[in-house]
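Thanks for asking me to look this one over.

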Amino acid sequence: MADPMRIRAQAAGDKTTVRILMAHEMETGQRKDAAGKTIPAWFIQEVTASLNGKTVLTADWGPAVSKNPFMQFALKGAKAGDKIAVTWKDNRGDTRTDEATVS
């Protein structure tokens, strides 16, 4: 996966909105390929976001989340220049981390 995530974090007053687009196929394990064989499950299981190294969000996902998932959340206490880091781990053990600066 060449482009694991796109992260945007924008502060407005005391609230910061974080938007994340994650590049991932997200297979449920229920579809079949052209030969009729079941495509193995492959999905993001865990998402963690941190602000300047402190965890602000954790999420446990399952196979029902769509391909290339989008997630948005709001937080208080962030200001322009702070670092938001997002990490996900899938059921195959792959992990991706990306970082953005609050604007």
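1. A definition to begin with: a residue is called buried under 20% relative accessible area, exposed over 50%, and partly exposed in between, using a 1.4 Å probe and protein chains only. Please keep in mind that this is a predicted model, where local features need pLDDT of at least 70, side-chain atom pairs count only at pLDDT 80 or more, and totals for chains, interfaces and linings use all residues. Residues are numbered from 1 along each chain as its sequence is written, and side-chain values use heavy atoms, with hydrogens and water left out.

2. Overall make-up. The protein chain has zero helices and seven strands. Helices (H or I, at least four residues) and strands (E, at least two) are DSSP runs, numbered from the N terminus. The C-alpha trace spans about 55 × 25 × 20 Å along its principal axes. Of the 103 residues in the chain, 34% count as buried. The chain exposes about 6,200 Å², with carbon and sulfur atoms supplying 47% of that area; the areas come from the Shrake-Rupley method with a 1.4 Å probe, and for residues only the protein chains shown count as cover.

3. The three-stranded sheet. Three strands form an open sheet in the order β1-β2-β5, with antiparallel pairing. Two strands are said to pair if DSSP finds at least two bridges between them. The edge strands are β1 and β5, each pairing on one side only. Between β1 and β2 there are eight bridges, in the antiparallel sense, and I7 has I20 in β2 as its bridge partner.

4. The four-stranded sheet. Here the order is β4-β3-β6-β7, and this open sheet also has antiparallel pairing. β4 and β7 (95-101) stand at the edges with a single partner strand each, so one side of each has no neighbour in the sheet. The twist averages 15° from one strand to the next; axes are lines fitted to C-alpha atoms, for helices over the stretch in contact, and angles run from 0 to 180 degrees between N-to-C directions. Seven bridges join the antiparallel strands β3 and β6, and I44 stands opposite D90 in β6.

5. The nonpolar core. What sits together inside? In soluble globular proteins, nonpolar side chains tend to be buried together. A nonpolar core here is a set of buried Ala, Val, Leu, Ile, Met, Phe, Trp, Tyr and Cys residues joined through side-chain atoms within 4.5 Å. The largest one has 24 residues, and those with the most contacts inside it are I20, M22 and V47. At least two residues each come from β1 (5-12), β2 (15-22), β3 (44-51), β4 (54-60), β5 (70-76) and β6 (83-90). β3 gives the most, with four residues.

6. A closer look at M22. Is M22 buried or exposed? M22 is buried, with a relative accessible area of 0%, and its place is in strand β2. Contact means heavy atoms within 4.5 Å. Leaving aside neighbours within four places in sequence, M22 is in contact with P4, M5, I44, V47, W61, N68, P69, M71 and W88. For a sense of distance, M22 and A49 are 27 residues apart in sequence and 13 Å apart in space, C-alpha to C-alpha.

7. Contacts along the chain. Among contacts between residues at least 6 apart in sequence, 52% join residues at least 24 apart.

8. Salt bridges. How many salt bridges does the structure hold? The structure holds three, where a salt bridge is a side-chain nitrogen of Lys or Arg within 4 Å of a carboxyl oxygen of Asp or Glu. E25 forms one with K67, the closest N and O atoms being 3.5 Å apart. E25 lies in the loop between β2 and β3 and K67 in the loop between β4 and β5, so the pair ties together parts 42 residues apart in sequence. E25 is partly exposed at 36% relative accessibility, and K67 is partly exposed at 48%.

9. The other two pairs. E27 forms a salt bridge with R31, with the closest N and O atoms 2.6 Å apart. E27 is buried, with a relative accessible area of 11%, whereas R31 is partly exposed at 47%. K79 forms a salt bridge with D82, with the closest N and O atoms 3.5 Å apart. K79 counts as exposed at 53% relative accessibility, while D82 counts as buried at 7%.
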